[in-house]
Amino acid sequence: MFVSSKIAATIALVSSVIAAPAPAPAPAPQAATGGDPIAFGPDSQISASPQTPAAPPYPVIVGENGYSSATYHGPYTGTPTAIGAVDAPATLAASIPALPPNPTATYYNTVGEPINPMPAPYTPAGGLGTNGTLPRYMVESDFDFESIALGLYQEWIELDLFHDGLARFTDEQFIAAGLGDEARSLIEFMANQETGHATLLTNMLGERAPKQCVYNYPYTTVREWLDFNQRVTRFGESGVWGFINHLDSREVGQLLSQSIATESRQQQIFRQLSGLPPMNVWFENGWPQSWAWTMLAPYISYCPENTTRLAWQNFPTLRFLNNANVNRYSPNDTAQDGSETVGDRIADPSVSNLTSGSCVNLNATGYGCGPAVAHNKSEPLSFPGKKVLLKWDAPGTAVGPNNSYVTSTSAKNPPKFVAWSQQLNLTYSPLTDTGDNTGYTYQPEGFVYGDDGIINGTMAVLLTDEDLFVTPFNVSLLNPHVVALGLYQAG
């Protein structure tokens with residue numbers, strides 16, 4: 001049976017990071033006769049060291065000051081042995097239909113006090129998982145399994161990514177970026193948090209939990225690494241908020257929420273270390289799993305043989321040719337041709353080695369962007385009415401582990417709208433198509449409540465063939481209309 005000490009074992013952290021051979025795969029949770037896990041044993045902890053699968057003899061990254069990283073970060077050069085998202089035995093329909101409200105969702109309290117009998121003292125009627133049933137901390141459906149498996153892919157890359165920058169860059173490079181030993185110690189702690197998260201999700205999945213892979217990162221400087229981290233943690237966080245309340249297992253959702261709350265703190269800290277405002281929205285945004293997988297997959301080079309594959313869709317990439325460079329004191333001076341992003345992948349960071357206009361070492365209120373608790377910006381990264389230049393890929397690009405997934409779209413028509421997904425809203429603006437998969441739109445204006453502008457932060461923006469009305473709980477209904485997906489730096 002589950003007891004509190006065994007649950008605690010699922011989130012135990014391994015405190016030290018050392019250079020060591022890749023450990024053996026973590027054992028699956030112990031199982032009872034009927035096959036149900038009955039305990040998360042302490043031997044199922046994930047090592048704090050990045051776990052590198054057997055790889056060709058690529059050059060080893062030399063660790064800096066006791067930090068270590070995986071032996072290789074680069075593109076996959078082999079031939080994929082599987083192609084496309086994993087399929088079920090059958091697919092019952094081309095899409096999920098939009099239906100009217102649940103006919104049983106009628107509760108409304110007009111008296112401000114309980115109106116139904118209480119099942120026990122101080123226990124109002126209702127709720128899920130409140131009837132005393134012993135919790136089972138395991139996935140309960142294919143939806144649960146595929147969602148938590150995606151979450152584990154995310155935790156694995158963060159474990160490797162946070163360690164990699166610490167090992168890749170020298171003391172002098174960190175100091176030049178405004179970060180001393182204490183900041184690096186904080187990042188090391190965040191890397192170690194990922195060992196607990198990976199352990200937890202592995203145990204809730206069981207023996208077919210995905211293993212750690214090899215990754216291909218876009219950064220070459222400390223600033224680009226920090227910027228990339230704040231983008232990766234954005235889609236890591238939003239990707240969970242989008243599915244957590246749809247899980248069949250409420251128990252899994254409970255533990256997952258306790259890990260994703262940490263992820264949100266990581267995203268805020270990486271924004272601070274990048275010189276961005278730590279908080280500039282009133283509500284965080286939730287994304288469907290296919291959006292998060294589209295963001296993550298291009299940075300996975302290859303995975304060990306027989307690694308569990310995912311069922312989620314990979315959309316073509318949408319690029320913003322004049323996406324604001326976070327390293328400029330005047331972001332509106334960002335080049336208009338896409339040259340101030342380090343590459344063409346969906347979450348690539350801003351170029352940091354500017355020859356002029358850099359805000360990194362500028363000690364001027366409203367213009368500097370060095371690491372800080374908070375900065376006020378005299379010139380925002382973006383603004384309502386900004387002309388946003390767009391370029392998007394056609395479907396059919398090989399992406400992800402071993403280049404074994406392929407981007408696709410289910411849209412029946414060419415793109416007509418730009419969908420801005422942030423806070424509690426999904427807002428459309430018209431797309432002007434200029435040919436050859438290019439076009440432009442104007443950043444819309446709007447407010448959630450009061451003076452809380454809808455468009456801000458690091459956010460998902462999509463091209464769609466229809467301006468379908470969706471809300472935070474059913475935004476995945478938009479997926480069949482998505483032509484391309486991008487990550488926009490609004491603030």
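Helices here are DSSP runs of H or I with at least four residues, numbered from the N terminus. With that in hand, welcome to a few close-up views of this predicted model.

**View 1. A176 sits in helix α3.** This helix covers residues 171-176. Is A176 buried, partly exposed or exposed? With a relative accessible area of 48%, A176 is partly exposed. Look also for N361: along the sequence it is 185 residues from A176, yet in space the two are 8.6 Å apart, C-alpha to C-alpha.

**View 2. A disulfide joins C213 to C303.** A disulfide is a covalent bond between the sulfur atoms of two cysteines. In this one, the S to S distance is 2.0 Å. The link of C213 and C303 is right-handed, with 100 degrees about the S-S bond. It connects distant parts of the chain, 90 residues apart. C213 belongs to the loop between α4 (181-205) and β3 (214-215), while C303 belongs to the loop between β4 (300-302) and β5 (318-320). Why do both cysteines count as buried? Buried means under 20% relative accessible area, and C213 has 3%, while C303 has 8%.

View 3. C359 and C369 are both buried.

**View 4. The protein has two disulfides in total.** The count of disulfides comes to two. How are the bonded cysteines paired when counted along the chain? The pattern is 1-2, 3-4.

View 5. Strands of a sheet pair through backbone hydrogen bonds, either parallel or antiparallel. In this sheet the order is β5-β6-β12-β11, and the pairing is antiparallel. Which strands stand at the edges? They are β5 and β11 (432-435); each has a single partner strand, so one side of each is left without a neighbour in the sheet. On average, neighbouring strands of this sheet are turned by 30 degrees against each other, direction ignored.

**View 6. Strands β5 and β6 run side by side as an antiparallel pair.** How many bridges join β5 to β6? There are three bridges between these strands. To find your place, look for L318, which stands opposite W392 in β6.

Technical notes
Residues are numbered from 1 along each chain as its sequence is written. This is a predicted model: local features need pLDDT of at least 70, side-chain atom pairs count only at pLDDT 80 or more; totals for chains, interfaces and linings use all residues. Side-chain values use heavy atoms; hydrogens and water are left out. A disulfide is a pair of cysteine sulfur atoms within 2.5 Å. Helices (H or I, at least four residues) and strands (E, at least two) are DSSP runs, numbered from the N terminus. Buried means under 20% relative accessible area, exposed over 50%, partly exposed in between (1.4 Å probe, protein chains only). Two strands pair if DSSP finds at least two bridges between them. Axes are lines fitted to C-alpha atoms, for helices over the stretch in contact, and angles run from 0 to 180 degrees between N-to-C directions.
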